[in-house]
Amino acid sequence: MENPEVAVSSCSPHDDENLCSYKRHSSASQEGLLEDQLRRKLKFFFMNPCEKFWARGRKPWKLGIQLLKIVMVTVQLVVFGLSNQMVVAFKEENTVAFKHLFLKGYMDRMDDTYAVYTQTDVYDQIFFAINQYLQLPNISVGNHAYEKKGAEETPLAVCQQFYKRGIICPGNDTFDIDPEIVTDCLYIEPTTSLDNTTMGKHNLNFTLDFPRLVAVQLTFNLKAINLQTVRHHELPDCYDFTLRIVFDNKAHSGRIKISLDNDIAIRECKDWHVSGSIQKNTHYMMIFDAFVILTCLASLILCTRSVIKGIWLQREFVSFFLYYYKKEVSFSDQMEFVNGWYILIIVSDVLTIVGSTLKMEIQAKSLTSYDVCSILLGISTMLVWLGVIRYLGFFQKYNVRISWDLHIVASHPNTASSIAQCNEVLLLCCYDLPGLLFLWMDCTGTIPCEVPHSEHGF
């Protein structure tokens, strides 16, 4: 019996590894065998989790991890949101309190209309704020205190900005002005004794040249501790408030607008002690966050491995077609091997890991990056829930409905009906979590069910 001829081809250094392998095995029988093996690989690669389980008994671990991650990440975001809500409320309430403390006659919701119109009112407002600042420990119902640098308390700065030279004569329609802005500041120490008298023009060498006046700014720093977190079994944070009261006279229209700006910085307290079980609750939450990180890390590893396998299979498929059929595989066909859902899950896993790490540092009072942590956890949770649409596609009923809804949205992006369809898609994601559990039970063989073929498997 004659042996089949085997064409031996040399491999150039520029040949792909898979292409070089095909050159070494180029007989007709081996070609058919390689084609059959590649066909089996492709068929298995594009199976959905349930089909993979029924074909080889491989359990859908990635699907199970995603189900667990949806629950854990959502709980984590809700818990952190409730904690962050207290931070936001404390900031807003302090800002409102400062407006009532330092702005004379201030009433809620009058920020846009709060202004003065006479020189006497300007002086009254300035000295009212100064006196309130000096009497703050005696009048504030909050736990506010002056900022200290070393052993000394930081002073209040009263700065006025005015044109360097200005002679304004509207009656004669003449003026002589140098538009360069000059700033002159006066500093008042919190320890200034009032002797039961109020601070005024007779106490301070402070006058305003209104024709040249551009703005007056009062700047001072206060500190406080957010104690309300103790009742929610969390360690308190220390806050630094930098307050600026601005009298804006840039328009020189006879109306000087007054505003109070509050820049807030959250810091870890230097020395603290809390009795009770707060420390234990903090440790429990950190353990939960660590478990979330491990779960996302497992998901990240599994999805990254699947992406790498898809890329290797893509290269093998392209090399096979190039050598045996002398055809180039189009870019769109090559991208079929890159599962976009895996990329989305990988991004959400990275964001969750970074956000959870920040959350643990915040709970340990090593960092106070509440805003950054909120953004990371919020985006990651949104991406996780967007992935629910991918799993609902395994059910024929939901697959048809979602496809129809997305088609309507794509066809009518600017109509009210498209908005309604988007809401329905989101409702499917929110209310059909039991359907995902049903899918897990089906894939693991707990219950029998026919699952339609999906283009990309998980």
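Predicted model: local features only at pLDDT ≥ 70, side-chain atom pairs only at ≥ 80, totals over all residues.
**Entry 1: the chain as a whole**

I noted that the protein chain has 458 residues, of which 42% are buried. I then turned to contacts with a separation of 6 or more, and found that residues 24 or more positions apart account for 73% of them.

**Entry 2: helix α10 by itself**

I looked up helix α10, residues 370-386. This helix has 17 residues and reaches 24 Å from its first C-alpha to its last, close to the 24 Å expected at 1.5 Å a residue. Which residues of α10 are buried? I listed Y370, C373, L376, L377, S380, T381, L383 and V384.

**Entry 3: α10 and α9**

I next examined how α10 packs with helix α9, residues 340-363. Two packed helices are described by the angle between their axes and the distance between the axes. For α9 and α10 I noted an angle of about 150° and axes 8 Å apart. Angles over 145 degrees count as roughly antiparallel, so α9 is roughly antiparallel to α10. The crossing of these two helices is left-handed.

I then looked up the residues that meet. On the α9 side they include W341, L344, V347 and L351; on the α10 side they include Y370, C373, L376 and L377. By class, the contact of α9 with α10 has 16 nonpolar, five polar and one charged residues.

**Entry 4: α10 and α4**

Which angle do the axes of α4 and α10 make where they cross? I noted roughly 150° for helix α4 (residues 61-102) and α10, whose axes come within 10 Å. That angle makes α4 roughly antiparallel to α10. I recorded a left-handed crossing for this pair also.

In α4, the residues of the contact are K69, I70, V73, T74, Q76, L77, F80, N84 and V87. They meet Y370, C373, S374, L377, G378, T381, V384 and W385 in α10. I noted that the residues of this contact divide into 10 nonpolar, six polar and one charged.

I compared the lists of α10 residues. Y370 and C373 are among those that meet α4, and Y370 and C373 are also among those that meet α9. Both residues are buried.

**Entry 5: S299**

I looked up S299, which lies in helix α7, residues 278-324. Is S299 buried or exposed? With 1% relative accessibility, S299 counts as buried, because buried means under 20% relative accessible area.

I set aside its neighbours within four places in sequence and found S299 in contact with I65, Q66, K69, I345 and D349. One of these, Q66, is 233 residues from S299 in sequence, yet the two are 7.4 Å apart in space, C-alpha to C-alpha. K69, in contact with S299, is also one of the α4 residues that meet α10.

**Entry 6: helix α5**

I noted that helix α5, residues 119-134, has 16 residues. From its first C-alpha to its last it reaches 23 Å, close to the 22 Å expected at 1.5 Å a residue. Its buried residues include V122, Y123, Q125, I126 and F127.

**Entry 7: H252**

Where does H252 lie? I found H252 in the loop between β8 (238-248) and β9 (256-267). Most residues other than glycine have a negative phi. H252 is not a glycine, and I noted that its phi is positive, at about 50°. H252 is partly exposed, with a relative accessible area of 33%.

Notes:
Residues numbered from 1 in each chain as written. Heavy atoms only, no water. Axes fitted to C-alpha atoms, helices over the stretch in contact; angles between N-to-C directions. Helix = DSSP H or I, 4+ residues; strand = E, 2+ residues; numbered from the N terminus. Parallel < 35°, antiparallel > 145°, perpendicular 65-115°, else oblique. Left-handed = near helix turned anticlockwise from the far one by under 90°. Contact = heavy atoms within 4.5 Å. Nonpolar A, V, L, I, M, F, W, Y, C, P; charged D, E, K, R; others polar. Buried < 20%, exposed > 50% of the residue type's maximum accessible area, 1.4 Å probe, protein only. Expected span 1.5 Å × (residues − 1).
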